[in-house]
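This briefing covers selected local features of one protein model. Please look at the sequence and the structure first.

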Amino acid sequence: MPELPEVEGLVRSLKPIVTGKTILSVDVSETIIASKANGKEAILKGLDVESFRKALQHMTIESIERRSKYIYFHLMKNQLPYLLVSHLGMSGAWFYVRGLHEILEDKFKRHTHVILHLVGGDMLVYADIRRFGELRFLKNEEDHPPLLLMAPEPFDQNALDHYLGMSMLSKYENKAIKEFIMDGHVVSGCGNIYATEALFRMRIHPGRKVKRISKERKIQLFNEIVIVLLDSIEQGGSSISDYRKINGDSGNMQNRLQMYGKKKCPICNRQTLQQTIGGRTSTYCGTCQR
Ligand SMILES: [Zn+2]
């Protein structure tokens, strides 16, 4: 699943090539059309297919930014601002190509769902193998209130205080620490890989209750999450499962992971353990993490 560092990498590679480009027309896959016709909402949320296509036509991409694990395309038409919000779900990917044949991996090529044809002939293509991704056309963030509830960016000044404040709330203090840090209202963009790594680096058991961790250790843990995320951004993200960068390359972070997906603990060499916490599989060392 693409996490914050992968989304950041994607936004950084898209930014110089899509900024200022105007959308000429939009193609939507038969799969989405059929899903919408059946009252379902595969990928395209809210608007019906025709309204979506019409809305995006002649929009200019003013800028693009990452917010948590979302991509925000800031658009403009007739001097009015709009927002296209993309979440990659489990296996979504954007490709910037001249034609679909340039998408080298068959599994993505067979699952292209939205094509933005740009003035000049290039295409911005959204592919999604498992279709858990989301595309939402909005006037602004207020149009979709859940976006307003996201925790601050982990690199922002106020992010640590926000996280500490949440850790004192009764609804969180009895939660497992791993579930807590993976909650998007608490920390933005700390998915399973990075939560697993940060907890291992801190030697904290993922199932430990929030209230049983001292303030000092909570602060250290938060800083560790930031370090792991920044390190991964530096490495171009992790290429576990279906994530690919825009040019089809994969990142290098997976070579630096110490606990996620590991059979043995790199410190004590004992077999790692697995437990489901907050609905997600958690890998940890029963000896080193307490
Ligand atoms: Zn160990």
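Which side chain is joined to that of glutamate 153 by a polar contact? The partner is arginine 67, and the polar contact between the two side chains is 2.8 Å. The model is a predicted one.

**Glutamate 153**

- Glutamate 153 sits in a loop that runs between strand E9 (134-138) and helix H5 (159-167).
- Its relative accessibility is 10%, and because buried means under 20%, glutamate 153 counts as buried.
- Besides the polar contact with the side chain of arginine 67, the side chain of glutamate 153 reaches a backbone atom, the nitrogen of serine 68, at 2.6 Å.
- With neighbours within four places in sequence left aside, the residues in contact with glutamate 153 are Leu4, Arg66, Arg67, Ser68, Ala159 and Ser188.

**Loop residues with positive phi**

- Most residues other than glycine have a negative phi.
- Histidine 58 has a positive phi, near 70 degrees.
- The loop that holds histidine 58 lies between helix H3 (49-56) and strand E3 (60-67).
- Histidine 58 has a relative accessibility of 48% and therefore counts as partly exposed.
- For asparagine 269, phi is likewise positive and near 70 degrees.
- Asparagine 269 belongs to the loop between helix H9 (215-234) and strand E10 (273-277).
- The relative accessible area of asparagine 269 is 52%, and because exposed means over 50%, asparagine 269 is classed as exposed.

**Helices H8 and H9**

- Helix H8 spans residues 192-202, and its axis comes within 9 Å of the axis of H9, with a crossing angle of roughly 130 degrees.
- Angles over 145 degrees count as roughly antiparallel and those from 65 to 115 as roughly perpendicular, the rest being oblique; H8 and H9 are therefore oblique to each other.
- The handedness of the H8 and H9 crossing is right-handed.
- On the H8 side, the contact is made by Tyr194, Glu197, Ala198, Leu199, Arg201 and Met202.
- On the H9 side, the residues making the contact include Arg217, Gln220, Leu221, Glu224, Ile225 and Ile227, and also Val228, Leu229, Asp231 and Ser232.
- Sorted by class, the residues in the contact of H8 with H9 are 9 nonpolar, 2 polar and 5 charged.

Methods
Residues numbered from 1 in each chain as written. Predicted model: local features only at pLDDT ≥ 70, side-chain atom pairs only at ≥ 80, totals over all residues. Heavy atoms only, no water. Helix = DSSP H or I, 4+ residues; strand = E, 2+ residues; numbered from the N terminus. Buried < 20%, exposed > 50% of the residue type's maximum accessible area, 1.4 Å probe, protein only. Polar contact = N/O pair within 3.5 Å; in protein donor to acceptor, adjacent residues only side chain to side chain. Contact = heavy atoms within 4.5 Å. Axes fitted to C-alpha atoms, helices over the stretch in contact; angles between N-to-C directions. Parallel < 35°, antiparallel > 145°, perpendicular 65-115°, else oblique. Left-handed = near helix turned anticlockwise from the far one by under 90°. Nonpolar A, V, L, I, M, F, W, Y, C, P; charged D, E, K, R; others polar.
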